[in-house]
Amino acid sequence: MKTSFWILFIFIMVGCNQKSTENNESDRKDIQLALTQKLEASKVEVILLPEAQEITNEWLAYITAQSEIENLKNYTLNDVIANTTPITEIMKSLQETVPVRLQSNAVKARLGVLVTKSKILQQLAEKREVDPEKISKTAKELPLEWNNFKIQINELFLKTLEEFEEELDEIENEEEQSPKRVLPASRKRTVGNNRSRDSIF
């Protein structure tokens, strides 16, 4: 009786192990397939104002980061995983080399978010068992945060309401001080001649 129990137990254990191995193999294949998919991040891009563009054109870390964000939009998840370390290094370099004209709390805050997101992405990519869904979600957030960063740069160059009011006041003052245009007097038609002609006939 005891022998048959142990034989039955061994068969059950072998069957469970076999199913577990099959499930693991199936999961691995699903993960591998997911990692070959394109990221499909948002293609929306914030355009910098001309004044901001002039400064970023000279900012090497910005140019490198912009290029990497563009590449990221066309990466597969495998490409994302392969490039997480360079992405993190680029974002750190960006944070450390901000031009004086762009240094503000809002810009620094946005750079902090970019560095944090890139570090999270790197940690997800370095796990023994990667989670394609989490990697995809975090990678898609980078281009969005990049746009938010560019919006903050643009805001440094947008005129404040006070500046707009000052400009309007200047325009109004100029209009008041400029000599007023005098319209030429309209010519009056002589009606008398017509009447005299009518009286002849």
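Me: What lies 3.2 Å from a polar atom of the Thr56 side chain?
Reply: The backbone oxygen of Gln53 does. A polar contact is a pair of N or O atoms within 3.5 Å; within protein, one must be able to donate a hydrogen and the other to accept it, and residues adjacent in sequence count only if both atoms are side-chain atoms.

Me: Before we go on, what kind of model is this?
Reply: A predicted one: local features need pLDDT of at least 70, side-chain atom pairs count only at pLDDT 80 or more, and totals for chains, interfaces and linings use all residues. Residues are numbered from 1 along each chain as its sequence is written, and side-chain values use heavy atoms, with hydrogens and water left out.

Me: Back to Thr56. Where is it, and is it buried or exposed?
Reply: Thr56 sits in helix α2, residues 50-56. It counts as buried because its relative accessible area is 0%. Buried means under 20% relative accessible area, exposed over 50%, and partly exposed in between (1.4 Å probe, protein chains only).

Me: How many helices and strands does the chain have?
Reply: The protein chain has 8 helices and 0 strands. Helices (H or I, at least four residues) and strands (E, at least two) are DSSP runs, numbered from the N terminus.

Me: And what share of the residues is buried?
Reply: 29% of the 201 residues in the protein chain.

Me: New topic. How many salt bridges are there?
Reply: The structure has 6. A salt bridge is a side-chain nitrogen of Lys or Arg within 4 Å of a carboxyl oxygen of Asp or Glu.

Me: Which residue does Arg110 pair with?
Reply: Glu145, with 3.3 Å from N to O. Arg110 is in helix α5 (residues 105-125) and Glu145 is in helix α6 (residues 132-155), so this pair ties together parts that are 35 residues apart in sequence.

Me: Are those two buried or exposed?
Reply: Arg110 is partly exposed, at 26% relative accessibility. Glu145 is buried, at 15%.

Me: What about Lys92 and Glu89?
Reply: Their side chains form a salt bridge too, at 3.9 Å from N to O. Both are in helix α4 (residues 77-96), and they are about one helical turn apart because 3 residues separate them. Lys92 is partly exposed at 27%, and Glu89 is partly exposed at 43%.

Me: Which residue does Lys137 bridge to at 3.1 Å?
Reply: Glu141. Both lie in helix α6, 4 residues apart, about one turn of the helix. Glu141 is buried at 18%, while Lys137 is exposed at 54%. Shared partners link Lys117, Lys137 and Glu141 into one salt-bridge network.

Me: Where does Glu40 sit?
Reply: In the loop between α1 (2-35) and α2. Glu40 is exposed, with 63% relative accessible area.

Me: Last one. Which residues form the negative surface patch?
Reply: Glu165, Glu166, Asp169, Glu170, Glu172, Glu174, Glu175 and Glu176. Patches are made of residues with over 30% relative accessible area and no salt bridge: like charges are joined within 9 Å, nonpolar side chains (Val, Leu, Ile, Met, Phe, Trp, Tyr) within 5 Å.

Me: Where is Glu166, then?
Reply: In helix α7, residues 161-177. Glu166 is partly exposed, at 48% relative accessibility.

How values were computed
Areas by Shrake-Rupley, 256 points an atom, 1.4 Å probe, with all protein chains shown as cover. Lys, Arg positive; Asp, Glu negative; His and termini not counted. Charge placed at Lys NZ, Arg CZ, Asp CG, Glu CD.
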